[in-house]
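Biologist: I have the sequence and the structure to hand. Could we go through a few residues together?

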Amino acid sequence: VERENLFERDFFTQTCNDKCVGDITYMSILRDGWCYLASTIDPHTGKVVGYLFSKKMKVELVTKALENGYHTQRVYKPH
């Protein structure tokens, strides 16, 4: 499902916790096959503030990584 680009490709921030972005990386694990790592990143610092690793790529992988970042930083407000 395509989502609206709220940043309009503007990743500049003036402070920490101003914005967050996400990424998904997939890798082949010998024993488990394809696995996925979703991460939430603070573009101001480049710091990974939340993540989740899973054997399945589902929407929940990304939303839970975002929630993980929210609880870690206690600032972001997921929409």
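Biologist: Why does Lys47 count as partly exposed?

Modeller: Lys47 counts as partly exposed because its relative accessibility is 45%; buried means under 20% relative accessible area, exposed over 50%, and partly exposed in between (1.4 Å probe, protein chains only). Please note that this is a predicted model, in which local features need pLDDT of at least 70, side-chain atom pairs count only at pLDDT 80 or more, and totals for chains, interfaces and linings use all residues. Residues are numbered from 1 along each chain as its sequence is written, and side-chain values use heavy atoms, with hydrogens and water left out.

Biologist: Where is Lys47 placed?

Modeller: Lys47 lies in strand β3 (residues 47–54); strands (E, at least two residues) are DSSP runs, numbered from the N terminus.

Biologist: And what is Lys47 in contact with, leaving aside neighbours within four places in sequence?

Modeller: With those set aside, Lys47 is in contact (heavy atoms within 4.5 Å) with Thr40, Ile41, Asp42 and Gln73.

Biologist: Turning to Thr13, is it buried or exposed?

Modeller: Thr13 is buried, because its relative accessibility is 6%. Thr13 belongs to the segment before β1.

Biologist: Which side chain does Thr13 join in a polar contact?

Modeller: The side chain of His44, at 2.9 Å. A polar contact is a pair of N or O atoms within 3.5 Å; within protein, one must be able to donate a hydrogen and the other to accept it, and residues adjacent in sequence count only if both atoms are side-chain atoms.

Methods. Helices (H or I, at least four residues) and strands (E, at least two) are DSSP runs, numbered from the N terminus.
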